[in-house]
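Reader: I would like to learn how to read a contact between elements, and then a strand. Can we go through them in turn?

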Amino acid sequence: MNFQLRPKGIIFIKQDICEPMDRKIRVLIAKPGLDGHDRGAKVIARALRDAGMEVIYTGLRQTPEMIAGAALQEDVDAVGLSILSGAHMTLVPRLLDLMKANGQDATPVFVGGIIPDEDAASLAALGVKAIYGPGTPTTRVIEDVKKFANPV
Amino acid sequence: MTLAEKAAAGDRLSIARLLTMIESATSEGLDALDELYPRSGKAHIIGITGPSGSGKSTLVNRLALALAGESSTERKVAIIAVDPTSPFSGGALLGDRVRMRDLADRPDIFIRSMATRGALGGLARATCETALLMDAVGFQYVLIETVGAGQSEVDIARLAHTTVVIEAPGLGDDVQAGKAGILEIADILVVNKSDKTGADAAAHSLAVMLEIGEDLRKETEKADTGHWKTPIVMTSALNGEGVSALADAIREHHAYLAESGEGEKRSQTRAEDMLDRLIRERLFETWQEQSDPGQYQQVKTEVIQRQLSPRKAVNLLFS
């Protein structure tokens, strides 16, 4: 349908009353493992929401199986993990394997938290798109998610 | 195999992809829904509504386990959890999964979070189509959790076979219980947080409200027509108390719908609703394609300047 010829007001009314809706970026924000500090995850979730995305938040203490299940059912465009427990070298490869088995190996995964440099290099080699340490501006995360998520 | 065929065979990635397409109303998604439509009509669609903080998600978590029974590989329970879209950014924080962690990796349960994307009435714009898809791909129960609803978010009752309204102690007095709206749509009333003080009093004031309704009905109806009597179920979603009683009440209501013919009546209403909505949308599109954008701008300006009332403006556009 040709929208360009219509004045702006009509397009607004149309979106209000009937489809098509625009395709929103859907992001899963999850906290795998046993640490109980979710302030960072909540800040990122809120920042992505304010950037116009639909953010599905899983809450604390998720297993890689639970996160992979949620990513699949929600058909998300990106997955963000917050890990402060030091168990990232166990949890992240496991999640990537499960997502691959589910046919979601093309879905970008981001990791935030306390990650030593040598581990960051290994995670990047496994396919993690970006790793964010403490003090990363939320604007950078928003830009990255927009760049990699690319909804069809 | 088409995406629709894969979804009907139970492939979870295909179901998830189709849900996204239907939600964004792509023609591929809507065509797949057309293809699957003849398979629908078998699921029991259950609406769960109530005020924010009454414990809807926690109760849905328990209820899904009770309805699914032992874990199996069949498609048992689909959950559609609706949360509001921010009117400022267009984004949404969908947090119902936080309370549904027991269901996250069950192969017989499928949870999908949806944002309202500007729709009012407690549901998202595409909730109806989403429920239809879950029904068509073979889920036995479709649970729809609305946004936290106050008094007038009653759309769910037109979509669900069984509407469960959840109240919690401390949310209002017995005059609230007599008001029109959300309590009127309940097929089953739940007083959740029964472990808290005030739960018995809340159940009592709801019971009095239902009794008044029954008395008024008896005045107008001569014979007992065997209508459904809304039960009040006390639950504590936190401890799991009363959840099996709620599951039983839901199954009883389903049986009642089939026996009384009320189910047939409600299917007709649902079909009418869907058809009428699509007709309205199509009419609007057709009008938009044929209308003169210049004239629209012209009358809009006059409406803003108070030279023309909105009703007269529409008369002009259609003259």
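Reader: Which residues of helix 2 of chain B meet helix 5 of chain B?

Author: Two residues are in contact if their C-beta atoms, placed from the backbone, lie within 7 Å. Here B:Leu18, B:Leu19, B:Ile22 and B:Glu23 in helix 2 meet B:Glu129, B:Thr130 and B:Leu133 in helix 5 of chain B. These residues divide into four nonpolar, one polar and two charged. Ala, Val, Leu, Ile, Met, Phe, Trp, Tyr, Cys and Pro count as nonpolar, Asp, Glu, Lys and Arg as charged, and the others, Gly among them, as polar. This is a predicted model, in which local features need pLDDT of at least 70 and side-chain atom pairs count only at pLDDT 80 or more, while totals for chains, interfaces and linings use all residues. Residues are numbered from 1 along each chain as its sequence is written, and chains are lettered from A and ligands numbered from 1 in the order in which they are written.

Reader: Is strand 2 of chain B mostly covered or mostly open?

Author: A residue is buried if 20 or more other C-beta atoms lie within 10 Å of its own, exposed if 12 or fewer, and partly exposed in between, with C-beta atoms placed from the backbone. Strand 2 (residues 77-83) of chain B is mostly covered, with seven of its seven residues buried.

Reader: Which strand is joined to strand 2 of chain B by seven bridges?

Author: Two strands pair if DSSP finds at least two bridges between them; strands (E, at least two residues) and helices (H or I, at least four) are DSSP runs, numbered from the N terminus. Strand 4 (residues 109-115) of chain B runs parallel to strand 2 and is joined to it by seven bridges. B:Val82 has B:Met114 as its bridge partner in strand 4. Strand 5 (residues 141-145) of chain B also pairs with strand 2 in the parallel sense, over five bridges, and B:Ala78 stands opposite B:Val142 there.
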